[in-house]
Amino acid sequence: MRIVTANQLQDWLDQGVVLEKDSHGPKVVRLVSGDLLKIFRSRRNPLLERLLPAARRFHNNSERLNDLGIATPKVHDTFWIARNSISACVYAPLQGTPLDSLFSSARGEFSALVQELATYILLMHRRGIYFRSLHLGNILQTPDGGFGLIDFLDIRFKGRPLGPMLVRRNFEHLRRYLQRRNVENFPLDELLLAYAEASKASN
């Protein structure tokens with residue numbers, strides 16, 4: 001991957017809009033072009049990060065998900081920032097509405113999507129996709145009425161349908177997310193029932 005200097009990064013930050021940041025600095029920046037800059041400050045072993053940087057894994061995951069029929073942002077470029085262990089990528093944002101926004105602002109509209117959401121999660125599981133960050137902020141409802149994923153660095157591809165243990169573990173990630181965010185009245189039981197019904201119907 002090429003190297004982007006600290007000066008170039010600062011220009012992007014000065015001209016763009018920071019959409020997400022943490023205690024270490026900006027994480028997602030909307031550039032003047034409309035594309036998004038995503039910065040990865042990895043906590044992995046530096047040697048492992050040099051061999052397969054987070055930005056490259058994000059790019060690879062995006063391509064593999066698309067090959068499996070899962071809509072994702074299209075990554076244009078990946079690079080290192082100033083020769084250190086920070087990698088980054090630029091990608092075209094996936095158009096759509098995050099489900100957490102839909103749940104908070106249009107509860108009735110979200111409720112009507114529970115069956116479709118369950119079927120979508122089942123589709124991922126049947127295609128061997130274990131999405132550890134399964135939560136409402138990482139799934140979009142796309143303009144065509146489908147769904148897509150936007151934050152999938154820690155996704156795993158099993159090469160076969162997920163077994164019952166991984167399915168339960170995946171929904172447990174969602175349950176913990178809802179608890180951490182103090183999300184009230186989320187129809188998790190309804191989602192689980194719809195998932196079970198969709199799974200039974202597809203067997």
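Let's start with the open sheet of three strands, which run in the order β7-β9-β10 with antiparallel pairing (strands are DSSP E runs of at least two residues, helices H or I runs of at least four, both numbered from the N terminus; two strands pair if DSSP finds at least two bridges between them). The edges belong to β7 (97-98) and β10 (147-149), each with a single partner strand, so one side of each lacks a neighbour in the sheet. This is a predicted model, in which local features need pLDDT of at least 70 and side-chain atom pairs count only at pLDDT 80 or more, while totals for chains, interfaces and linings use all residues. Residues are numbered from 1 along each chain as its sequence is written, and side-chain values use heavy atoms, leaving out hydrogens and water.

Two antiparallel bridges link β7 to strand β9 (residues 139-141), and Thr 97 sits opposite Gln 141 of β9. Helix α6 (residues 114-126) packs on the sheet, where it touches β9 and β10, and its direction makes about 50 degrees with that of β10 (axes are lines fitted to C-alpha atoms, for helices over the stretch in contact, and angles run from 0 to 180 degrees between N-to-C directions).

Now for a helix pair. Helix α7 (residues 164-180) packs against helix α8 (residues 188-202) at about 160 degrees, with axes 12 Å apart. That makes the two roughly antiparallel, a term for angles over 145 degrees. In α7, Val 167, Phe 171, Leu 174, Arg 175 and Leu 178 meet Leu 188, Leu 191, Leu 192 and Tyr 195 of α8, where contact means heavy atoms within 4.5 Å.

Note on methods: Parallel < 35°, antiparallel > 145°, perpendicular 65-115°, else oblique.
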